[in-house]
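I opened a new notebook page for this protein.

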Amino acid sequence: MHLRAARLSIALIALLSRAEETSAIRFRNVGVKAGLDFVLENHPTPEKHLIETMAGGVAVFDYDGDGLTDIFFTNGAEVPSLEKSSPRYFNRLYRNLGELKFRDVTREAGLAGEGYAIGAAAADYDNDGDVDLFVGGVRRNILYRNRGDGTFEDVTAQVGISSGRWMEGAVWLDYDNDGWLDLFVVNYLQWSPQFDLYCGDPGAGVRAYCHPRFFKGLPNQLYRNRGDGTFEDVSEGSGIARHIGKGMSAAVADYDLDGDLDIFVTNDKMPNFLFRNRGDGTFEEVGLYAGVALQDSGLEVSSMGADFRDYDNDGYPDIVFAALAGERFPLFRNQGDGTFRDVTYQSRMGPLSHRRSGWSIGLVDLDNDGFKDIFTTNSHVNDTVSFFEATEYKLPNSVFQNRGDGTFRDVSEESGVGRGAALAHRGCGFADFNNDGRLDVVVVALQGETELWENVSQTGNHWLRLQLIGTRSNRDGIGARIRIGNQHNHMTTAVGYTSSSHAGVHFGLGGSRRIERIEIRWPSGIVQVLEDVPADQFLTVREPAR
């Protein structure tokens with residue numbers, strides 16, 4: 001009897017342990033029901049032009065100021081002409097009608113676009129209160145100014161933005177803290193439609209997309225906002241153009257807390273860049289010194305989309321990015337002394353992501369418990385990869401829950417996301433699309449159905465979303481650092497692969513119904529404190545005068 005009781009006790013303890021590990025994160029895909037009928041047209045060809053597998057940027061932002069987050073999708077074009085020869089290639093804007101219903105307003109908004117578009121970045125560059133949109137791709141970049149009446153105008157030529165290179169992504173930041181948002185453009189490879197190298201296995205008749213080693217890289221670009229509606233290319237003078245990379249994405253944060261925004265750039269199969277802002281208009285590339293150029297293994301990986309946020313609530317922004325199967329999704333912890341530590345295995349992200357291939361990624365609190373989780377969109381680059389490796393091309397997406405002790409666990413299956421369709425997923429956007437206090441995710445896939453993952457987690461946890469309005473800083477408050485209790489976040493629209501999430505700053509509050517203190521450090525240097533703030537609300541905060 002005693003032995004039986006002991007066995008029952010052990011079984012009960014094991015059962016309780018498993019119950020404690022059950023995730024409360026839950027999603028359901030409502031993309032079709034929501035009216036998101038967009039299909040990402042990458043125009044695959046027998047020649048396997050590399051641009052075909054790189055498409056898929058998403059920008060989420062409230063373009064009409066009605067308090068609901070809308071969705072913009074970049075789209076491809078015919079290859080090799082790079083022309084949007086029919087509506088199937090149009091970029092698309094979907095207006096949020098409320099209650100998770102969307103309507104295609106592309107034509108009336110004037111955002112059908114030109115060329116083979118890949119990335120998008122949303123922000124209010126002219127400080128007029130309306131969110132503008134930069135769209136880039138293969139040899140064609142466009143800056144759209146939001147007129148404030150539901151339409152956009154192409155102002156690319158008059159503002160001084162150039163085209164001609166293969167642009168992958170872009171981020172908005174006020175690198176010189178003058179109150180005007182500047183534009184950092186991530187460039188990838190030197191490619192032309194005439195490139196026709198056969199990569200793969202000719203004997204077996206299996207053609208694959210060529211490895212980036214067959215192409216030369218490109219420098220990135222930095223455009224300084226003059227504040228008069230025009231931009232100045234300061235790539236050379238700032239030091240950015242001195243570094244040739246194969247850029248896939250960029251993320252921004254003030255990693256050394258010196259008051260100036262820094263830029264992390266993922267490079268494809270070569271060391272990543274970390275551009276430290278010196279505060280005098282120039283940058284120094286410190287990736288190797290800081291410990292984020294390579295993982296501890298010393299191997300170059302296929303670095304994809306990235307996010308630059310504090311995952312462990314110690315006050316310092318950390319770095320996470322996606323990579324391909326066998327490379328793992330690296331996580332670098334900010335040590336607070338100007339360097340980072342590779343904690344990919346210590347955090348368990350190494351073994352959890354080993355078999356996955358990822359594109360876009362976000363550090364976001366999906367269960368409102370006060371710790372940022374990780375969402376990744378998954379797929380391999382090559383649609384013929386299964387002929388050469390023991391891995392799959394199309395994959396479902398992933399969710400990794402932050403345990404709050406510096407480690408993560410894979411909750412993809414129980415969240416519902418891992419049971420979604422295996423597709424060639426690419427970019428994604430994070431926002432609370434139905435304003436219920438839970439972050440949702442929109443995901444695109446090559447030639448596949450667009451997914452809208454509605455967050456239906458029933459945690460009972462509380463939340464707060466801050467909408468910042470700068471008066472001395474830039475209007476969007478990009479670069480502002482916010483602290484609530486032991487949580488830290490900052491305002492940025494640069495999240496993931498070729499994508500942009502302009503949806504305020506979200507905090508999960510766990511069981512707290514009220515917030516004792518909110519501290520906001522604006523880019524202008526002003527520190528604002530709010531006290532005794534009720535939870536579960538969208539709070540608009542204006543920057544005070546000195």
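Below are my entries, topic by topic.

**Entry 1: the model**
I noted at the outset that this is a predicted model.

**Entry 2: cavities**
I began with empty space. Rolling a probe the size of a water molecule over the atoms shows where empty space is left. How many cavities of 30 Å³ or more does the structure hold? I found 3.

I took the largest cavity next. About 260 Å³ of space lies in it. I read off 23 lining residues for the largest cavity. R309, V364, L439, G504 and H506 are the ones nearest its centre. Which strands each supply at least two residues of this lining? I wrote down β26 (358-364), β30 (425-431), β35 (487-490) and β37 (505-510). I then sorted the lining of the largest cavity by class: 10 residues are nonpolar, 8 are polar and 5 are charged.

**Entry 3: the second largest cavity**
I put the space in the second largest cavity at about 60 Å³. Its lining is made by G169, A170, V171, V186, S249, A250, A494, V495, G496, T498 and S499. Two elements give two or more residues to this lining, β10 (167-173) and β18 (247-253). Of the elements, β10 gives the most, with 3 residues.

**Entry 4: T498**
I stayed with T498, one of the residues lining the second largest cavity. I placed T498 in the loop between β35 and β36 (500-501). Is T498 buried or exposed? T498 counts as buried because its relative accessibility is 3%, under the 20% cut-off. Its phi is near 50 degrees, a positive value in a residue other than glycine. Most residues other than glycine have a negative phi, and most peptide bonds are trans.

L257 lies in the loop between β18 and β19 (262-267). I noted L257 as partly exposed because its relative accessible area is 30%, a value between the 20% and 50% cut-offs.

I also checked for a cis peptide bond. The bond from V79 to P80 is cis, with omega near 15 degrees. P80 is in the loop between β3 and β4.

**Entry 5: T74**
I looked at T74, in the loop between β3 (70-73) and β4 (92-98). T74 counts as buried because its relative accessibility is 1%. What does its side chain reach at 2.9 Å? I found the backbone oxygen of I118 there. A polar atom of the T74 side chain also lies 3.0 Å from the backbone nitrogen of G57. Leaving out residues up to four places away in sequence, I listed the contacts of T74, among them F38, L40, N91, A117 and V135.

**Entry 6: the cysteines**
A disulfide is a covalent bond between the sulfur atoms of two cysteines. I counted 1 disulfide in the structure. C199 and C210 form it, with their sulfur atoms 2.0 Å apart. C199 sits in strand β12 (residues 199-201), and C210 in the loop between β13 (206-208) and β14 (218-219). The two are 11 residues apart. I noted the link of C199 and C210 as right-handed, with 95 degrees about the S-S bond. Both C199 and C210 are buried.

C428 counts as buried because its relative accessibility is 0%.

Conventions
Residues numbered from 1 in each chain as written. Predicted model: local features only at pLDDT ≥ 70, side-chain atom pairs only at ≥ 80, totals over all residues. Heavy atoms only, no water. 1 Å grid on protein atoms, 1.4 Å probe; cavity = no way out; pocket = protein on both sides within 12 Å on 5 of 7 lines; lining within 4 Å. Points joined across faces, edges and corners; volume = space filled by probe spheres on them. Helix = DSSP H or I, 4+ residues; strand = E, 2+ residues; numbered from the N terminus. Nonpolar A, V, L, I, M, F, W, Y, C, P; charged D, E, K, R; others polar. Buried < 20%, exposed > 50% of the residue type's maximum accessible area, 1.4 Å probe, protein only. Polar contact = N/O pair within 3.5 Å; in protein donor to acceptor, adjacent residues only side chain to side chain. Contact = heavy atoms within 4.5 Å. Disulfide = S-S within 2.5 Å.
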